[in-house]
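Please open the structure in your viewer and keep the selection tool at hand. The tour below goes from stop to stop, saying at each one what to select and what is to be found there.

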Amino acid sequence: MGDGVKVYALNCGWLTAPAAAFIEGADGTMKVPVPAYYIEHPRGRAVFDTGMPALLRSDPDAAIGTYLAQVFTPDMPPEADIDKQLELIGVDPARIDHVINSHLHFDHCAGNALLPNARIVVQKREAEAAREAGAPEEGFDPNAMLAGRDVKEVDGEFDLFGDGSVVLLPTYGHTAGHQSMKLACDGGETVLAGDCCYFHKTLTDMKLPGFGHDAEEQRRSIRRLKAMEDRGARIIAGHDPEQWATMPRAPQPMIGQRA
Ligand SMILES: [Zn+2]
């Protein structure tokens with residue numbers, strides 16, 4: 001299953017913040033990566049998450065709101081934008097067919113506009129929560145990431161190409177409709193966890209940030225990923241600097257051979 005699927009890890013920059021923003025009660029500061037992924041399948045091209053707003057470079061208050069701008073300091077070199085990351089591997093951003101947003105926080109979907117012809121695939125619960133929240137008075141507006149786009153709202157598991165090689169998994173909790181992506185290729189399973197777990201060690205220590213939609217639901221989702229790991233899957237966490245340092249990044253493929 002999944003022969004011919006290639007996956008690339010894309011570096012969409014970094015965020016520095018008090019460690020307590022990532023692990024409740026932690027001391028000090030942490031600098032974490034903001035990853036995205038490109039999946040090339042014989043039936044189409046997909047991107048999982050799309051990085052941070054370009055406006056964050058010049059006007060953080062306008063980009064994400066005063067509160068978040070005080071918490072998070074971005075490191076976004078020019079090549080951190082999702083279109084530039086795709087160009088690193090020779091992929092035309094206009095030819096992306098599917099954008100999968102794990103959820104609608106600013107560091108996971110702000111690059112949607114740079115992939116103008118893609119259908120956006122989100123969990124129904126995530127889109128509903130964004131609509132219910134409405135447009136904020138200042139800062140990042142999740143609804144704007146979906147407005148005017150072809151959006152497919154899925155409810156639970158969704159097999160993107162119909163062959164079991166790329167499957168979206170509901171991992172609710174961090175947000176109302178958070179989702180992860182299971183890749184069954186190269187003879188094994190890899191799960192792009194997104195922010196279901198920020199760090200790989202979260203799978204075992206269960207330490208969550210102080211904010212979140214529903215911590216108990218998130219722990220259930222984490223336990224599901226841990227069970228997959230126990231059966232042999234590789235789980236890739238959402239913002240883990242140590243794990244990220246060990247992963248091949250574009251232009252090198254993470255899974256499959258470069259064409
Ligand atoms: Zn995140």
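This is a predicted model: local features need pLDDT of at least 70, side-chain atom pairs count only at pLDDT 80 or more; totals for chains, interfaces and linings use all residues.

**Stop one: the zinc ion**

Begin by selecting the zinc ion together with Asp107, His108, Asp195 and His239, which coordinate the ion at 2.0 to 2.3 Å. If you look at the individual atoms, you will see that the two histidines, His108 and His239, each contribute NE2, while Asp107 and Asp195 each contribute an OD atom. The angles among the four donor atoms run from 86 to 167 degrees, and the site is classed as irregular. Along the chain, the donors follow the spacing D-H-x86-D-x43-H. Asp107 lies in helix 4 (residues 106–109) and His239 in the loop between strand 12 and helix 8 (241–245), so this pair ties together parts that are 132 residues apart in sequence. Are Asp107 and His239 buried or exposed? Both Asp107 and His239 are buried.

**Stop two: the largest cavity**

A search of the whole structure finds three cavities of 30 Å³ or more, and the largest cavity holds about 50 Å³ of space. To find the largest cavity, select its lining, which consists of Pro35, Tyr37, Phe48, Asp49, His108, Ala193, Gly194, Ile236, Ala237 and Gly238.

**Stop three: the largest pocket**

Next, select Leu68, Leu104, His105, Phe106 and Phe211, which, among the 34 residues that line the largest pocket, lie nearest its centre. The space in the largest pocket is about 780 Å³. Helix 2 (66–71), helix 4 and helix 5 (124–133) each give at least two residues to the lining of the largest pocket, which is made up of 19 nonpolar, eleven polar and four charged residues.

Strand 2 and strand 3 are joined by a hairpin through two residues, and they run antiparallel with five bridges between them. In this pairing, His41 stands opposite Gly44 in strand 3. Strand 3 is also joined to strand 5 (residues 98–100), by three bridges and in the parallel sense, and here the bridge partner of Phe48 is Ile100 in strand 5.

Strands of a sheet pair through backbone hydrogen bonds, either parallel or antiparallel. Turn to the open sheet of five strands, whose order is 8-9-10-11-12 and whose pairing is mixed. Strand 8 (158–159) and strand 12 are the edge strands, each of which pairs on one side only. Within the sheet, strand 9 (residues 166–170) and strand 10 (residues 179–185) pair in the antiparallel sense over five bridges, and Val167 has Lys182 in strand 10 as its bridge partner.

**Last stop: Arg119**

Finally, select Arg119, which is found in strand 6 (residues 119–123) and is partly exposed, with a relative accessible area of 21%. Arg119 and Arg149 are 30 residues apart in sequence, and their C-alpha atoms are 7.0 Å apart in space.

Notes:
Residues are numbered from 1 along each chain as its sequence is written. Side-chain values use heavy atoms; hydrogens and water are left out. On a 1 Å grid over the protein atoms alone, a cavity is a set of points where a 1.4 Å probe fits but cannot get out, and a pocket is an open set with protein on both sides within 12 Å along at least five of seven lines; lining residues have an atom within 4 Å of a point. Grid points are joined across faces, edges and corners, and a volume is the space filled by probe spheres set on the points. Donors are N, O and S atoms within 2.8 Å of the metal (3.2 Å for Na, K and Ca); water is not among the atoms, so sites may look incomplete. Four donors count as tetrahedral if all angles lie between 85 and 135 degrees; four count as square planar and six as octahedral if opposite donors are over 155 degrees apart and all others between 65 and 115; anything else is irregular. Helices (H or I, at least four residues) and strands (E, at least two) are DSSP runs, numbered from the N terminus. Buried means under 20% relative accessible area, exposed over 50%, partly exposed in between (1.4 Å probe, protein chains only). Two strands pair if DSSP finds at least two bridges between them. Ala, Val, Leu, Ile, Met, Phe, Trp, Tyr, Cys and Pro count as nonpolar, Asp, Glu, Lys and Arg as charged, and the others, Gly among them, as polar.
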